[in-house]
Amino acid sequence: MSTCNSIISYTRVSADIFHYGHFLLFKKASECSNLHICGLYSDDICKRWNGTLIMGFNERKSIIKNLKIVDDVLEQNNIDPTSNLKLIHSKYPNSKIILFQGHQKWVGLPGTEFINSIGGEIKKIDYYSNLSRNAIRQEVCNTKYYN
């Protein structure tokens with residue numbers, strides 16, 4: 001990838017239960033950039049944030065890394081993506097970075113201050129609530145299983 005006039009999109013997810021909403025986020029990020037990097041939350045962050053973990057980091061990374069709409073996956077060890085964004089910016093200093101807001105409940109989106117300081121952009125896509133982690137959990141809890 002050329003480092004001049006390039007656009008890099010950055011998404012971050014736990015993807016513990018990968019669903020269509022993740023796909024839509026990744027698709028939009030890929031369409032808006034020359035390089036789409038996904039920050040994948042570490043197992044520790046997922047457990048602290050969600051309370052449980054279905055798949056480990058390597059399983060989640062394998063799924064995401066094999067999608068044609070994701071170019072690279074970085075482990076994200078904090079809810080705040082600033083350290084990964086700084087790493088990307090140092091590697092591609094002449095590129096514009098777009099930080100995608102994938103979770104609709106953020107107030108004061110982590111990473112915003114850094115993105116603004118380097119002339120980047122924040123994008124928010126429509127939330128796909130039909131298959132959010134909470135909607136999937138609720139559906140599973142309401143389903144009766146018969147042997």
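Tutor: What follows starts with the ground rules, moves to the core, and ends at the charged pairs.

This is a predicted model, in which local features need pLDDT of at least 70 and side-chain atom pairs count only at pLDDT 80 or more, while totals for chains, interfaces and linings use all residues. Residues are numbered from 1 along each chain as its sequence is written, and side-chain values use heavy atoms, with hydrogens and water left out.

The chain has six helices and five strands. Read from the N terminus, their order is β-α-β-α-α-β-α-β-α-β-α. Both kinds of element are DSSP runs numbered from the N terminus: helices are H or I with at least four residues, strands are E with at least two. The chain has 147 residues, and 41% of them count as buried. Buried means under 20% relative accessible area, exposed means over 50%, and partly exposed lies in between (1.4 Å probe, protein chains only). The accessible surface comes to about 8500 Å², with 49% of it on carbon and sulfur atoms. These areas come from the Shrake-Rupley method with a 1.4 Å probe; for residues, only the protein chains shown count as cover.

Among contacts in the chain with a separation of 6 or more, 71% join residues 24 or more positions apart. A contact here is heavy atoms within 4.5 Å.

Now the core. In soluble globular proteins, nonpolar side chains tend to be buried together. A nonpolar core is a set of buried Ala, Val, Leu, Ile, Met, Phe, Trp, Tyr and Cys residues joined through side-chain atoms within 4.5 Å. The largest one here has 16 residues, and the members touching the most others are Val13, Phe26, Leu40, Ile64 and Phe100. At least two residues each come from helix 1, strand 2 (35-41), helix 3 (57-65) and strand 4 (96-101). Helix 1 contributes the most, three residues.

Neighbours within four places in sequence aside, Leu40 contacts Val13, Ser14, Ala15, Phe57, Arg60, Lys61, Ile64, Val73, Leu74, Glu75 and Gln76.

Phe26 leads on to the aromatic rings. The whole structure holds two aromatic pairs. In the pair of Phe18 and Phe26, ring centres are 6.1 Å apart and planes stand at 35°, so this pair is tilted. Phe26 counts as buried because its relative accessibility is 0%. Phe18, at 29%, counts as partly exposed. The other pair is Tyr20 with Phe23: centres 5.9 Å apart, planes at 25°, and therefore stacked. For the rule: rings of Phe, Tyr and Trp (its six-membered ring) pair if their centres lie within 6.5 Å; planes under 30 degrees apart are stacked, over 60 edge-to-face, and the rest tilted. Tyr20 and Phe23 sit three residues apart in helix 1 (residues 20-31), about one turn of the helix. Tyr20 is partly exposed at 40%, and Phe23 is partly exposed at 30%.

Next, helix 2 (residues 43-50). Its buried residues include Ile45, Cys46 and Asn50. These cover an arc of only 100° around the axis, which puts them on the same side of helix 2. That arc is taken from the directions from the helix axis to the C-beta atoms. Just after helix 2, Gly51 adopts a positive phi of about 85°.

Helix 2 also carries a charged pair. Asp44 and Arg48 form a salt bridge, with closest N and O atoms 2.9 Å apart. Both lie in helix 2, four residues apart, about one turn of the helix. Asp44 is partly exposed at 44%, whereas Arg48 is exposed at 60%. A salt bridge is a side-chain nitrogen of Lys or Arg within 4 Å of a carboxyl oxygen of Asp or Glu.

The structure holds six salt bridges. Another joins Asp72 and Lys65, at 3.9 Å between the closest N and O atoms. Asp72 is partly exposed at 27%, and Lys65 is partly exposed at 45%. Glu121 and Lys123 also meet in a salt bridge, at 3.5 Å from N to O. Shared partners link Lys96, Glu121 and Lys123 into one salt-bridge network.
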